[in-house]
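I am opening a notebook on this structure, and I will write down what I look up in the order in which I look.

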2 protein chains.
Amino acid sequence: MSLDIATRVYNHGFRIDPIVRTLLDTDFYKFLMLQLIRAKSPDVRATFGLINRTKSVRLGEVIDEQELRDQLDHARTLRFQKNELIWLAGNTFYGVKQIFKPDFLDWLEDFQLPEYDLRRTEDGQYELLFEGLWAETTLWEVPALAIVSELRARAAMKGMSRFELDVLYAKAKAKLWGKIERLRVLAQEGPLKISDFGTRRRHGYLWQKWCVEALQEGLGDNFVGTSNVKMAMAAGLEAVGTNAHELPMVYAALAENDEALRDAPYQVLRDWQEMYDGNLLVMLPDTYGTTQFLRNAPDWVLNWKGLRPDSKPPIEGAEEAIAWWQLHGCDPREKLLVLSDGMDIDTIEEAARHFRGRVNLSIGWGTNVTNDFRHCAPDGKDDRLQAISLVCKVVSANGRPAVKLSDNANKATGPAEEIARYRRVFGHQDLMAQPLLV
Amino acid sequence: MSLDIATRVYNHGFRIDPIVRTLLDTDFYKFLMLQLIRAKSPDVRATFGLINRTKSVRLGEVIDEQELRDQLDHARTLRFQKNELIWLAGNTFYGVKQIFKPDFLDWLEDFQLPEYDLRRTEDGQYELLFEGLWAETTLWEVPALAIVSELRARAAMKGMSRFELDVLYAKAKAKLWGKIERLRVLAQEGPLKISDFGTRRRHGYLWQKWCVEALQEGLGDNFVGTSNVKMAMAAGLEAVGTNAHELPMVYAALAENDEALRDAPYQVLRDWQEMYDGNLLVMLPDTYGTTQFLRNAPDWVLNWKGLRPDSKPPIEGAEEAIAWWQLHGCDPREKLLVLSDGMDIDTIEEAARHFRGRVNLSIGWGTNVTNDFRHCAPDGKDDRLQAISLVCKVVSANGRPAVKLSDNANKATGPAEEIARYRRVFGHQDLMAQPLLV
């Protein structure tokens, strides 16, 4: 009805319609990790690479290379804004004031995303690499993923009429709200903590914003936050998330011998607990296999608040953590489990009911909240809008290959001979292959 | 995103947000009937009354009386606009040019909706009566219904947040599109003609507009028109509909004796075919019972193109018409059946498949296209948005009571002694009671 001509005309003038419009449009854990990297590994160089695990989707044919370059270039023009840095400095995160130190914030002030290296590969994919200081390349992870993810969605929608788009979003809204209604029922039964982890593989920025509003409106206090810093700032929500595989992967790559390699995942935890405390002490145990990680963990690891199983079936991974705590005399009801690997409404319900009363459970809901458009396209052509398994992982540190084994053999990354060496060092009897969830 | 402050501020200035904004926002058949009334019964006085058959919904408690008065008053300020009259004069309706004669259009130029008489009744309903010349009161039917219907929907939505409204409409859109997808499948199987008959009991004007666009977009040529004259004009669609019960009811009320009464429904047809032709010759046989109407019909009635069963179960009513045509040697494949009584996706599918190849079928889809919000409210409180059986019927003509028997005893209207007399004259062995559909 109401058309704002000025806004419309202003939009005409955009060279592109930018996907990432602020450096805060990223996951909160990047800042926690970055502060650690700046403190402990300021000179380490790390290369990140974008990997599309869904090989059947040939991104090089779906996304226009120039559009991708334009979006990446635009992200490089961004700087942290004064008001954003003031908020990072003044806001309370995880109940802690001034979690980010002045020298770190000063350093952020001049931050710019480093250069990227893009080429199309012969199998129809893109090779997208970020080389440079770890403290700089690390911040590419989320915007790079969000850009590729949204460009793919835009390409899928290019031929749709205004009306088809209207139906598409109506269906997607109805679908998400249907899930939220089920969560409301679940919340009646007992404690429920849901947060949005869906920035990286979102359908689009505006859509994620809608999803976050929907979760806020529908779940109230059961929606405990978003990993997206910009949205947390704008909506007055908690920014959530702690750490990722890149920490043990880089520490491991830099290890000088097998003993140091075996210790690397625990060294990450030692460094982390020097800097952070309380609910921020959530470990990610699966980089080189969860079972060996727990079996070989030093006793002080039991003091950590929580654990985020990430590559076993969620209930199995969580049960393993509970059994480990119990074996060592810890009460799981005082511990926190964060489930965030490919969760969706069915698995959320299942996990919440399974663990009720036994442990504090928190669900990091990702791609299936911010990019579930299955059966939503009015022409029935849903495949182009179906989320894919896209990751941006560290591939090397100071020129040495980075390796992940994971609990799921399909998620292992690194050169074959290095994977073999890591398997020898960490043992590989606990690994199995699982289908990849988005 | 884009907020047009000027539009927003302009809207602040409205005393009310008008529901009916043009006299063309009505059903096309009113104009066809009105031209006949003007020609044959210019001095007849007829009173129309609004009746809520869904007694469980106490409209007098749901809708604010002053708001209702404001909307009715606003409708009375409307006049036909020059561009509207030019379109009525110049457009082709049902393949006929200049269907509306210059003297009729001249008369419309000065038309104003006559006064209304509103009071709240003790059982929590409104009594809303329109007294005056038939040629004036008749045009109240559709705007009065649309106003009450939309005011009820607005009342139901009053407490909803912007977000709840967003979800509500997303769900309603997804729901309608789901029906349209089923109709697309149906259209693959054979001929399908759907038109929108949903003005009178619509959720709201803007919503009907969206529904009409959805039908256009989704069904293409299988969507053959809308009864709403304004929307037909704006969207370049066919305006559809022919005649209603008010014609035989007024003719019957004015009949001087039983013989004239028995002939009244056929006199309507005689007068109609003097003025109209071709596909406009669609009879409505159920006012005093379909079975007796067909049994006693003069032979020339067989020449009419089509028939609109309106109060028997649709397949039963349509089969009766087909049997009647066949009994008299007419090929039903050259005839038209219009089904428009409470149709929804299931009954549309059933009827289309049942009659395929046997008769030309056209579906007038009403309340279940423009007002189906069942299971759409995000708070689960759907009852306030569920459509009700609201009608605006002629109750007397020149001071004599108007009577309808219908094929469904639950739809009979008129004083008991008059119903008894009509039953005696027309016979009542064929009537039965059916649940009321919206």
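Predicted model: local features only at pLDDT ≥ 70, side-chain atom pairs only at ≥ 80, totals over all residues.

Residues are numbered from 1 along each chain as its sequence is written, chains are lettered from A and ligands numbered from 1 in the order in which they are written, and side-chain values use heavy atoms, with hydrogens and water left out.

**Entry 1: a turn in chain B**

I looked up B:Asn398 and found it in the loop between β10 and β11 of chain B. These two strands form a hairpin with 2 residues between them, and they run antiparallel, joined by 2 bridges; two strands are taken to pair if DSSP finds at least two bridges between them. Within this pairing, B:Ser396 has B:Pro401 of β11(B) as its bridge partner. B:Asn398 has a positive phi of about 45° although it is not a glycine, and I keep in mind that most residues other than glycine have a negative phi. With a relative accessible area of 40%, B:Asn398 is partly exposed, where buried means under 20% relative accessible area, exposed over 50% and partly exposed in between, with a 1.4 Å probe and protein chains only.

**Entry 2: the strands around it**

How many of the residues of strand β10 of chain B are buried? I find that 7 of its 8 residues, in the run 390-397, are buried, so that the strand is mostly covered. On strand β1 (residues 46-52) of chain B I count 7 bridges to β10(B), the two running antiparallel, and B:Ala46 stands opposite B:Ala397 there.

I then turned to strand β8 (residues 336-339) of chain B, which is covered on both faces: B:Leu336 and B:Val338 are buried on one side, B:Leu337 and B:Leu339 on the other. Strand β7 (residues 306-307) of chain B pairs with β8(B) in the parallel sense over 2 bridges, and B:Leu307 has B:Leu337 as its bridge partner.

**Entry 3: the sheet in chain A**

In chain A I traced an open sheet of 5 strands with antiparallel pairing, in the order β2-β3-β1-β10-β11. Its edge strands are β2 (117-120) and β11 (400-401), each of which pairs on one side only. Between β10 (residues 390-397) and β11 of chain A there are 2 bridges, and A:Ser396 stands opposite A:Pro401.

Helix α12 (residues 246-253) of chain A packs on this sheet and touches β1, β10 and β11, its direction making about 25° with that of β10(A). Axes here are lines fitted to C-alpha atoms, for helices over the stretch in contact, and angles run from 0 to 180 degrees between N-to-C directions. Helix α8 (residues 141-157) of chain A lies across β1, β3 and β10, running at about 145° to β10(A).

**Entry 4: two histidines in chain A**

Is A:His245 buried or exposed? At 4% relative accessibility A:His245 counts as buried, and it lies in the loop between α11 (229-235) and α12 of chain A. Leaving aside neighbours within four places in sequence, the residues in contact with A:His245 include A:Asp286, A:Asp310 and A:Lys393, contact meaning heavy atoms within 4.5 Å. UniProt, in an unreviewed entry, lists A:His245 for "modified residue: Phosphohistidine"; such annotations may be inferred rather than shown by experiment.

A:His375, by contrast, counts as exposed at 64% relative accessibility. This residue sits in the loop between α17 (367-370) and β10 of chain A, and has a positive phi of about 65° although it is not a glycine.

**Entry 5: where the chains meet**

Lastly I looked at the interface, where 25 residues of chain A are in contact with 25 residues of chain B. The area buried between them is about 2,100 Å², of which carbon and sulfur atoms give 61%; this is the accessible area (1.4 Å probe) that two parts lose on being put together, summed over both. I noted 6 salt bridges between the two chains, a salt bridge being a side-chain nitrogen of Lys or Arg within 4 Å of a carboxyl oxygen of Asp or Glu. One salt bridge joins B:Arg162 to A:Glu213, with the closest N and O atoms 3.3 Å apart.

Notes: Helix = DSSP H or I, 4+ residues; strand = E, 2+ residues; numbered from the N terminus.
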